[in-house]
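Please keep the sequence and the structure at hand while reading.

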Amino acid sequence: MAQHSQAELVCALPHIPEAVSVVRRRARTVLTQWRVPTPTADDALLVISELTTNAIVHARPPAVLRLSLPDVGGRRALRIEVTDSGPVPRRRPSHDSPHPADHRENGRGTGIVAALSARHGVSRHPERTTRWAVLQMGA
């Protein structure tokens, strides 16, 4: 399911809701092994949850989580990427939908990722979409 080296983890995301908790546990173990400071690791786990949930709920499989430790401007950082096979075609919401907020383009997850990361974004390609975030780490 996962492969990793000293500074990178690549983990396939099964397209089931239970995958989020499995991936969180795996990521927590790797972040501990990488000696990521606890506050950064806690924030990273929230970002990982948001990005993986988005891929599982709103995108087509397959999806992959990638964690890495790049050097950004002379400081250690944690980069989180979730790549999926693009959005699931949407049905138009009906006017009598009981939950109109469910049909918004961006939910609270985007705000959580923005609040916890130094930078974040989306890279779209014809066959895949990558959502990413970079979290700065203290010394």
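## Helix α2 and its cover

In this predicted model, the cover over the buried residues of α2 includes the strands β2, β3, β5 and β7 together with the helices α1 and α3 (108-116). The residues of α2 that are buried are Thr40, Ala41, Ala44, Leu45, Val47, Ile48, Ser49, Leu51, Thr52, Ala55 and Ile56.

## The largest nonpolar core

The largest nonpolar core holds 26 residues, and the members that touch the most other members are Leu31, Trp34, Ile48, Leu65, Leu67 and Ile80. Two or more residues are given to this core by each of β2 (8-13), α1 (19-33), α2 (38-58), β3 (63-68), β5 (75-84) and β7 (128-136), and the largest share, seven residues, is that of α2. In soluble globular proteins, nonpolar side chains tend to be buried together.

Ile48 shows how such contacts reach beyond the local chain: once its neighbours within four places in sequence are left aside, Ile48 is in contact with Val23, Ala27, Leu65, Leu67 and Ile80.

## Ser49, a polar residue in α2

Ser49 also belongs to helix α2. Is Ser49 buried or exposed? Its relative accessible area is 11%, under the 20% cut-off, and Ser49 therefore counts as buried.

The side chain of Ser49 makes a polar contact of 2.7 Å with the side chain of Arg24.

## Arg79 in strand β5

Arg79 is found in strand β5. With a relative accessible area of 21%, Arg79 is classed as partly exposed, because buried requires a value under 20%.

Leaving aside neighbours within four places in sequence, Arg79 is in contact with Arg66, Leu67, Ser68, Pro70, Trp132, Ala133 and Val134; among them, Leu67 is also one of the core members that touch the most others. Arg79 and Leu69, although ten residues apart in sequence, have C-alpha atoms 6.2 Å apart in space. Within the sequence neighbourhood that the contact list leaves aside, a polar contact of 2.6 Å joins the side chains of Arg79 and Glu81.

Key:
Residues numbered from 1 in each chain as written. Predicted model: local features only at pLDDT ≥ 70, side-chain atom pairs only at ≥ 80, totals over all residues. Heavy atoms only, no water. Core = buried A, V, L, I, M, F, W, Y, C linked by side-chain atoms within 4.5 Å. Buried < 20%, exposed > 50% of the residue type's maximum accessible area, 1.4 Å probe, protein only. Helix = DSSP H or I, 4+ residues; strand = E, 2+ residues; numbered from the N terminus. Contact = heavy atoms within 4.5 Å. Polar contact = N/O pair within 3.5 Å; in protein donor to acceptor, adjacent residues only side chain to side chain.
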